[in-house]
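Hi,

Here is the structure I promised to pass on.

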Amino acid sequence: MSLQGKKALVTGGSRGIGAAIAKRLAADGATVAITYGGNKAAADATVAAIESAGGSAFAFQANAADPSSQRAGVEQAAAALGGIDILVHNAGVAEFSAIADDTDDTFDRQFDVNVKGLHVGTRAALPHLADGARIILIGSISGELAFPATSVYSATKAAVAALARGWAKDLASRNILVNAVQPGPIDTDMNPANGEFAQQMTGVVPLGRYGKVEEVAGAVSFLAGPDASYITGATLNVDGGTAA
C-alpha cells in the first residue's frame, strides 16, 4: 500500500494499459479517477473491478483531442478526488501509414491526442497538483526506434519524452517529478500477442515475447511511489530490451 492516501488521475484508463495502471494504483492504495474517450462500458468495468477489490474509483468522459473536453475531464476528476497527487497521461492513438499515404488529418489526429492532449491536460491539472506530485507520461519505444509506416506516430512519442524532460525542469521547484514510460510490444486488444504482427514484433524483442499490461503498470506504480523520489526527467523502457 505504498500509495495509501494518494489521489491519481489516469487518462485513457478504460481498457488495456490504462486500465491496468488504474487497477495497480488502486491496489497500491490510491483513490483513482479515469477518463475515457467513448467506451463507457469499458470505463464502468474498470471502476467496478477496482471497487470489487476494495478500492475507490471514478470515471469521466473526456476527448483528449478536444481541449475544452480534456480540461473539463481534468476538472471533474480533480473535484471528485479532492486534488491530484499522481497524473498519468495514457490516452493515445496510432495510425500507421507511409509518408506517401499520410494526410493532414492523420497527422493532426495523432498530434492532437498524443501531444496536445498531454499539454492541455497537464496545464489544466497544475492548479490541482500537490507539491511533490508525480506526472507520468506513457510514450512508446517508437519514439526512439524507426519502424515502417510509423513516422508520425513515432514523432508524437518522441515529443512525449521531450515534454517529460522539459517539464521535469519547469516543475522541479515544486518537487513535482515528471517521467515517461515507454512500452514496447504489449499484449492488448489493440495489439494482441497472437495478432497478425505478433511474429514480426516478437522477433525484434530480445526476451522473445510480448509484454503484459501489468508489467507497464508496475513501472508506473514504481515511478509514482516513494522509491522513485530522486528520478525526474527520465524515460523508462518497458520493452523486453527492444530499444537496447
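**Aromatic pairs and a few backbone spots**

Phe-107 is partly exposed, with a relative accessible area of 39% (buried is under 20%, exposed over 50%, partly exposed in between, with a 1.4 Å probe and protein chains only). Before I go on: this is a predicted model, where local features need pLDDT of at least 70, side-chain atom pairs count only at pLDDT 80 or more, and totals for chains, interfaces and linings use all residues. Residues are numbered from 1 along each chain as its sequence is written, and side-chain values use heavy atoms, leaving out hydrogens and water.

Rings of Phe, Tyr and Trp (its six-membered ring) pair if their centres lie within 6.5 Å; planes under 30 degrees apart are stacked, over 60 edge-to-face, the rest tilted. That gives two aromatic pairs. In one, the ring centres of Phe-96 and Tyr-153 are 5.6 Å apart with planes at 85 degrees, so the pair is edge-to-face. It links distant parts of the chain, 57 residues apart: Phe-96 sits in the loop between strand S4 (84-89) and helix H4 (104-125), Tyr-153 in helix H5. (Helices, H or I of at least four residues, and strands, E of at least two, are DSSP runs numbered from the N terminus.) Phe-96 is exposed at 52%, whereas Tyr-153 is buried at 13%.

Phe-107 and Phe-111 form a stacked pair, 4.6 Å between centres and 25 degrees between planes. Phe-111 is partly exposed at 23%.

As for the backbone, Ala-149 has a positive phi near 65 degrees, and Asn-175 one of about 55 degrees.

Cheers
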